[in-house]
Amino acid sequence: MPSFVTHTVLNQVPPLEDYSLFETDPALREAAVREGAGAWLGDLGAHGAWLGRAQTLAAGVDANRYPPRLQAYDRTGHRIDHVDFHPAWQLLMSGIVARGLHSRAWVQPVPGAQVARAAAYLMQGQVEAGTLCPTTMTFAAVPLLQREPAGVIDYTGDWLPALYSREFDGADAPLAGKRGALIGMGLTEKQGGSDLRAVTTRAAPMGAIGRGCAYLLVGHKWFFSVPQADAHLVLAQTDEGLGCFLVPRWIPEGPRNAVRIRRLKDKLGNHSNASAEVEFEDAWGVMVGEPGRGLAVLLEMAATTRLDCVLGSAALLRQALVQSLHHACHRQAFGKPLLAQPLMRNVLGDLALESEAAQALALRLARAVDERGDASAR
């Protein structure tokens, strides 16, 4: 029986893999040194090499090809509100936490730490963007919790050591049984959208009122970031005004908290990352910050994430440029590589200029955070 060859593949581009995102980006290296992160070049080089491995790049693809799934009940009918992730997500998050992108710059606030973290985050975003959400939420929560008076946060468990940990632990378990922790955020409601003063979720005190005291929350959130996180900072109404509450997935020394995941959001992008709609059925939480100042606390947390929004956008620009250059080097048209065609070089030059400008601005902003040491620098 004759063999058939339908076609021979010619003039196609090989995969871009097993390269260093840092060593192949002179603009990023120069910006890191210029903005004060020269001492971290070794760490950044190692991170860039890990991100460029074929295995890591494949994990970025798989994490989005196989998105998280909600498992509301276990096989015996117990309510568990569990979000199940593909192993690719676990691999990517393990790399992020091992390199401290979620907290290290606050734990070791030496000059250049924020810039080094920004450069690493920018590279991370070129490989997979969904994992940036739990990273930035946790990163933004740490300085808020660091400012709480002694004993306030300890009331809900040993949170700061868990957030400082460099081990990713995706288990759905009480804090005491975990090697590390992540934080999410709950602000938006159906009726309010960006009008955060219109939230209807109520928090009733279980006894004493105020900072560090326990409350029970009843209400909902239309967009609950990182529903699998070990705790969330949540905005709710009290008799004293809007309050911020640390709401853990598990009540300290008690059962699973009554935060019910109604569904995962069906999103246009960001598929690897879970976002949810939830309802609070007397969910246990402890007040963070002063009574009536919850909106100010959570807006500061949101402001801290803004630098990461800049970095994430710059990451997408950079990866678009990298893929375009790789394609233009290997693809031929009219007898020459695309890179040798004058009009194509003009297009690629414009892309390179925009990408390098975005990186320069992003790392300059990170230096401002290094110099000021708080979200007000943004």
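Modeller: Start with Val61, which lies in helix H3 (residues 54-65). Helices here are DSSP runs of H or I with at least four residues, numbered from the N terminus. Val61 counts as partly exposed because its relative accessibility is 43%; buried means under 20%, exposed over 50%, partly exposed in between, with a 1.4 Å probe and protein chains only. Val61 and Glu128 are 67 residues apart in sequence, yet 7.7 Å apart in space, C-alpha to C-alpha.

A word on the source. This is a predicted model, where local features need pLDDT of at least 70, side-chain atom pairs count only at pLDDT 80 or more, and totals for chains, interfaces and linings use all residues. Residues are numbered from 1 along each chain as its sequence is written, and side-chain values use heavy atoms, leaving out hydrogens and water.

Next, helix H6 (residues 113-127). H6 is mostly covered, with 15 of its 15 residues buried. Its 15 residues should span 21 Å at 1.5 Å a residue, and the end C-alpha atoms are 22 Å apart, which agrees. The expected span is 1.5 Å times one less than the number of residues.

Now the packing. The axes of helix H7 (residues 132-146) and helix H9 (residues 294-330) come within 9 Å and cross at roughly 130 degrees. Therefore H7 is oblique to H9; under 35 degrees is roughly parallel, over 145 roughly antiparallel, 65 to 115 roughly perpendicular, and the rest oblique. Axes are lines fitted to C-alpha atoms, for helices over the stretch in contact, and angles run from 0 to 180 degrees between N-to-C directions. H7 contributes Thr136, Met137, Phe139, Ala140, Ala141 and Leu144 to the contact (heavy atoms within 4.5 Å).

Note on methods:
Helix = DSSP H or I, 4+ residues; strand = E, 2+ residues; numbered from the N terminus.
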